[in-house]
Amino acid sequence: MKFYITTPLYYVNAEPHVGHTYTTVAADCLARFYRMKGYDVFFLTGTDEHGQKIYEASKKEGLTPIELADRVSEIFKNMWEKINISYDRFIRTTEKQHEEVVKKVFKNLLEKGELYKGEYKGFYCVHCESYVNVEDKTKPICPDCKRDISEISETSYFFKLSKYQNILENIIENTEFVKPDFRKNEVLNFVKIGLSDLSITRRNVAWGIESPTDEKYTIYVWFDALLNYLSGIGYLYDEETFKKYWPPDVQLIGKDIMRFHHIIWPAILLSLNLPLPKKIFAHGWWISGKEKISKSKGNIISPEYFINEYGPDPFRFFLLREIPFGLDGEFSEENFKKRYNSDLVNDFGNLLNRTLNLIEKKFNDYVPEGEIDNQIIEISYDVYKKFSEKIENISFSEAIEEIWKLVVFLNKYLDEKTPWRETANSEKTIISVFYGIRNLLIFLYPFIPQTCEKMANMLGLKIEEIKKLGNFKIKYSGRIKIGKREIIFYRKK
Ligand SMILES: [Zn+2]
């Protein structure tokens with residue numbers, strides 16, 4: 001079984017903010033989960049480096065566009081390393097290989113009659129890199145980002161988007177293509193207004209892939225960028241890899257780029273006779289003080305701050321746990337701290353500490369041998385089943401809620417069994433809780449991998465043991481010596 005997952009490519013005009021990290025952490029969680037299930041996973045992410053916006057951003061910094069792209073794509077890579085993003089490929093749209101694929105696709109579509117030359121007259125928003133309709137032409141502003149925009153009038157190659165109107169309506173209505181479900185109507189309404197053909201070249205934009213036509217244009221940056229999902233796995237140059245992974249099983253995007261992904265992207269694939277992605281899931285936005293977090297609003301929340309202050313895993317945990325994935329949520333340090341102290345320090349960290357204390361003091365650093373309590377075996381199976389379903393349904397927050405039932409159960413179990421008392425049958429209690437915690441490390445690994453590895457070390461477990469989902473069924477034989485202890489989560493005031 002294969003699992004192909006993508007994030008959008010991020011523009012290199014700004015450094016990574018919480019929105020980028022959100023999509024990427026979510027994709028990483030899914031990639032890790034499917035690897036743990038034994039799937040052959042391909043996880044693609046990268047940077048979008050062409051277009052007028054990047055050109056202008058580079059000028060502002062006194063750099064050439066490629067200098068800016070080189071610098072910022074490195075910053076993205078470093079950020080992904082810091083929060084343990086396990087991508088299989090980081091693609092840059094300025095790579096030769098990608099550029100070749102875009103040119104070939106353009107040429108193929110031209111030959112197939114899917115493109116034609118015409119005259120584009122209308123408005124263009126550089127910030128959104130998008131052709132937009134405006135209501136008041138005397139004071140044109142972008143309907144999406146509200147910036148001033150100007151009219152352009154130029155010859156251009158058009159993609160016959162309008163011809164896919166009916167088939168797209170049908171796909172949106174009757175398949176899992178648009179996720180979550182409550183977004184379907186939004187996309188459908190937009191399609192039903194009527195689709196116009198899409199200009200896919202720009203006349204006066206210098207920074208882009210050159211069109212393979214006699215008269216030179218640059219290819220529209222979104223047409224270029226969307227094709228990365230094909231070029232990233234070998235389309236038109238490594239057919240074996242491409243056949244193995246196509247189509248994407250899940251593509252994650254923010255809700256602001258649904259039109260490109262739910263309308264233009266499938267139309268391009270239909271014109272190329274390629275199967276469509278199974279699901280394209282649009283997540284919500286993080287809000288800070290009632291507004292979307294963005295560079296232009298000046299309310300950027302620095303991922304770096306939270307990673308340095310709390311650690312990469314608490315940051316990942318908060319993003320995936322705090323709100324349901326499709327909805328908007330408020331990002332504040334107050335909420336972050338609350339979630340951190342209650343879930344990670346009190347519930348999870350304490351459970352581990354109490355158990356290690358007992359093993360250390362009562363059993364000289366060795367996990368006692370014995371039978372595992374059936375209650376804990378049963379709840380482990382139950383949690384496994386339920387959290388897997390949630391995660392497969394891209395409901396991260398609910399998946400963690402399911403796992404937390406086991407955390408809460410184990411803490412209560414220790415309270416009730418009082419294994420620290422002389423009279424208690426503490427061997428059975430300890431080995432049972434030990435088994436329960438080992439299962440927690442397996443279940444939580446997709447969310448907080450670094451923590452789970454550290455905890456596995458402390459418990460004297462092999463890292464490999466917690467990287468396979470089915471391993472939760474394995475019980476213990478032989479004595480296990482616990483490892484060196486360290487405190488992972490410090491309470492924050
Ligand atoms: Zn705009």
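Strand β2 (residues 10-11) and strand β3 (residues 40-48) pair in the parallel sense over two bridges, where helices (H or I, at least four residues) and strands (E, at least two) are DSSP runs numbered from the N terminus, and two strands pair if DSSP finds at least two bridges between them. In this pairing Y10 stands opposite T47 of β3. The model is a predicted one, in which local features need pLDDT of at least 70, side-chain atom pairs count only at pLDDT 80 or more, and totals for chains, interfaces and linings use all residues. Residues are numbered from 1 along each chain as its sequence is written.

| Strand paired with β3 | Sense | Bridges | Residues opposite each other |
|---|---|---|---|
| β2 (residues 10-11) | parallel | two bridges | Y10 and T47 |
| β4 (residues 89-92) | parallel | four bridges | T45 and F90 |

Strand β3 is mostly covered, with eight of its nine residues buried. A residue is termed buried if 20 or more other C-beta atoms, placed from the backbone, lie within 10 Å of its own. In a regular strand the side chains alternate between the two faces of the sheet.

Helix α2 (residues 52-60) packs against helix α3 (residues 65-82) at an angle of about 90 degrees, with their axes 8 Å apart; axes are lines fitted to C-alpha atoms over the stretch in contact, and angles run from 0 to 180 degrees between N-to-C directions. The two helices are therefore roughly perpendicular, a term covering angles of 65 to 115 degrees. Residues I54, Y55, A57 and S58 of α2 meet P65, E67, L68 and A69 of α3, contact meaning that C-beta atoms placed from the backbone lie within 7 Å. By class, this contact of α2 with α3 has six nonpolar, one polar and one charged residues. Ala, Val, Leu, Ile, Met, Phe, Trp, Tyr, Cys and Pro count as nonpolar, Asp, Glu, Lys and Arg as charged, and the others, Gly among them, as polar.

The protein chain as a whole has 17 helices and 18 strands. Its C-alpha trace spans about 90 × 45 × 40 Å along the principal axes. Buried residues make up 42% of the 493 residues. Of the contacts with a separation of 6 or more, 72% join residues 24 or more positions apart.

Technical notes
A residue is buried if 20 or more other C-beta atoms lie within 10 Å of its own, exposed if 12 or fewer, and partly exposed in between; C-beta atoms are placed from the backbone. Two residues are in contact if their C-beta atoms, placed from the backbone, lie within 7 Å. Angles under 35 degrees count as roughly parallel, over 145 as roughly antiparallel, 65 to 115 as roughly perpendicular and the rest as oblique.
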